[in-house]
Amino acid sequence: MSFSGKYQMETHENFESFMEAIGLPDELIQEGKDIKSISEIEETGDHFKVTVTTGTKILTNSFTIGQETELEPPTGEKVNSVVTREGNKLMAFLNGIEYVTELTDANTLVNTLTLPGISYKKTSKRM
């Protein structure tokens with residue numbers, strides 16, 4: 001299955017406590033907790049461009065599977081990482097956080113961010 005497409009967040013679990021754990025300021029947590037973010041993914045072979053729009057904040061990351069690249073997590077600082085792919089899962093580690101993006105079916109995208117002891121899960125549907 002191709003990741004390419006536009007997805008709108010339907011549900012998320014553990015948002016506030018996870019964002020506190022990674023050090024996001026309270027005002028950004030409060031702003032972001034009720035916004036239905038939109039993720040747009042462009043997949044061309046092993047190259048991906050992922051744009052996440054949350055309210056007025058737009059975060060864009062481009063990467064090629066298996067190659068080190070600079071990525072920007074929600075906390076804002078740039079981090080070098082390698083994104084790997086296993087079937088319908090994309091995985092990366094940024095600043096001790098495990099990022100997994102999984103296409104669970106043709107229309108459902110699940111993002112899971114995990115720190116030791118706490119996870120955040122966001123489920124989005126294809127638009």
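Visitor: Which residue in E3 is the bridge partner of Glu43?

Guide: Phe48 is the bridge partner of Glu43. The model is predicted, with local features needing pLDDT of at least 70 and side-chain atom pairs counting only at pLDDT 80 or more, while totals for chains, interfaces and linings use all residues. Residues are numbered from 1 along each chain as its sequence is written, and side-chain values use heavy atoms, with hydrogens and water left out.

Visitor: Which residue takes a positive phi in the hairpin of E2 and E3?

Guide: Gly45, with phi near 65°; the hairpin has two residues between the strands.

Visitor: How many bridges join E1 to E2?

Guide: Four, and E1 (residues 5–13) runs antiparallel to E2. Tyr7 stands opposite Ser39 in E2.

Visitor: Which side chains of E2 are buried?

Guide: Ser39, Ile41 and Glu43, which point to one face of E2 (residues 38–44).

Visitor: Why is Ala106 called partly exposed?

Guide: Buried means under 20% relative accessible area and exposed over 50%, with partly exposed in between (1.4 Å probe, protein chains only). Ala106 has 43% relative accessibility, so Ala106 counts as partly exposed. Ala106 is found in the loop between E9 (97–105) and E10 (108–115).

Conventions: Two strands pair if DSSP finds at least two bridges between them.
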